[in-house]
Structures are given as structure tokens and as C-alpha cells.
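Reader: I am new to structures. Please show me how to read one, feature by feature.

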Amino acid sequence: GRVFKAEHSILERPFAIKFLRETGANHEHFRKRFLREAKLASQLSHENIVEVVGANDSEWGLYIVMEYVESTTLEAVVGDSPLEARLAARYTLQVLQGLQHAHEHGLLHRDVKAENVLVTTDGDCKLTDFGLVRMEEHDSGLTAQEAAIGTPVYMSPEQWSNVEVDRQTDV
């Protein structure tokens with residue numbers, strides 16, 4: 001999707017709005033996956049996960065409304081140089097706490113990577129982009145059969161092998 005910052009006219013506070021890209025808007029499969037992301041991610045409420053507060057289908061397309069987080073990605077923070085050990089441990093712990101919360105709700109992220117971790121201006125981490133989320137106990141049939149799902153350089157061996165994945169895939 002494409003993400004925009006928006007100001008709520010009544011609440012007078014910013015939100016992030018993620019629109020389904022036009023290339024997927026006319027495909028029922030992508031529309032269902034996008035709405036599924038919103039529905040499942042909205043069940044999570046944790047300080048280390050970007051909160052989903054709404055979703056809708058409008059004249060502008062399908063969109064998800066999320067809390068706005070003044071941040072940069074962990075990928076940008078790391079850049080080409082390693083993090084100091086204490087900071088790396090802090091970020092890792094926060095991401096793992098967010099994942100633990102998702103796992104306790106039966107959700108697998110399946111696309112944990114530095115690009116999907118936001119680092120706030122306060123130096124805290126928030127996991128985002130649950131576009132490949134899956135219920136741990138139930139297969140929705142919304143991913144292609146015989147297809148490896150995830151970002152290749154971050155995928156676990158289980159994802160590459162197209163076998164059943166579990167919480168360890170995220171870790």
C-alpha cells in the first residue's frame with residue numbers, strides 16, 4: 001500500500017492512512033488480504049505495535065487508518081553501520097515484546113524486517129505492516145499455494161520451504 005499522513009478535522013490529531021495500491025484495487029484476492037490485515041491487526045493493542053484504528057472502502061479506494069508515529073524505519077537508523085550493542089538489545093527486546101503480544105493473540109507477522117520496524121523520536125520501536133499476517137491456528141487460503149511468502153532476504157527456512165510456519169518464523 002501507499003501511506004499518507006492525515007489530520008483528523010474534528011480530533012485535530014494526525015493519523016497514518018494506508019491505501020491499497022491501484023494495481024491491487026481491482027483484484028478481489030488483494031482486496032480481501034488488505035481488509036484481513038486491517039481486521040487482524042486491529043485486534044492488537046501494544047506499545048510496540050502500530051495501532052490500527054479503522055478501515056473503509058471509499059471513493060478513493062480501500063484504506064486502513066493507523067496511529068501516526070513520528071519516526072523513521074530501523075533500516076534507516078542502522079544504515080550501513082552497526083548499532084551500539086546496548087541500543088541493538090533495546091530495539092530487539094521491544095520488537096520481541098510486540099511479536100509476543102501478536103503471538104499471544106494467535107497472529108504470525110511473517111515479514112519481520114528492519115523496514116517494518118519504526119523507531120520513534122523517543123527511541124522506542126513499533127512493529128508495523130501486518131500485510132502478510134496469518135492466524136497461527138487457521139489457514140485463510142489467502143496466500144498462493146506452493147508460493148514462498150515474505151521478503152526473500154529476511155525469510156526463515158520454513159518460509160522458503162513452504163512448510164507450516166509457527167512463532168519461530170517471526171523470531
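Reader: What should I know before I start?

Author: This is a predicted model: local features need pLDDT of at least 70, side-chain atom pairs count only at pLDDT 80 or more, and totals for chains, interfaces and linings use all residues. Residues are numbered from 1 along each chain as its sequence is written, and side-chain values use heavy atoms, with hydrogens and water left out.

Reader: Which strands pair with E4?

Author: Start with the terms. Helices (H or I, at least four residues) and strands (E, at least two) are DSSP runs, numbered from the N terminus. Two strands pair if DSSP finds at least two bridges between them. Here, E2 (residues 14–19) pairs with E4 in the antiparallel sense over 5 bridges. Ala16 stands opposite Met66 in E4. Strand E3 (residues 52–58) also pairs with E4, antiparallel, over 6 bridges. In that pairing Ser58 faces Gly61. A hairpin of 2 residues joins E3 to E4.

Reader: Is E4 buried or exposed?

Author: Buried means under 20% relative accessible area, exposed over 50%, partly exposed in between (1.4 Å probe, protein chains only). In E4 (residues 61–67), 6 of the 7 residues are buried, so the strand is largely enclosed by the rest of the structure.

Reader: What is the volume of the largest pocket?

Author: A pocket is an open set of points on a 1 Å grid over the protein atoms alone, where a 1.4 Å probe fits, with protein on both sides within 12 Å along at least five of seven lines; lining residues have an atom within 4 Å of a point. Points are joined across faces, edges and corners, and the volume is the space filled by probe spheres set on them. The largest pocket has a volume of about 870 Å³. Of its 35 lining residues, the closest to the centre are Gly1, Val3, Lys18, Glu37 and Asp129.

Reader: Which element gives the most to the lining?

Author: Helix H2 does, with 5 residues. H2 spans residues 28–41.

Reader: Where is Phe130 found, and what does Phe130 touch?

Author: Contact means heavy atoms within 4.5 Å. Phe130 is in the loop between strands E8 (125–127) and E9 (134–135). Not counting residues up to four places away in sequence, Phe130 touches Glu37, Ala41, Leu44, Ile49, Ala102 and His109. Phe130 is buried, at 4% relative accessible area.

Reader: And Lys113: buried or exposed?

Author: Lys113 counts as buried, at 12% relative accessibility. Leaving aside neighbours within four places in sequence, Lys113 is in contact with Thr151 and Tyr154.
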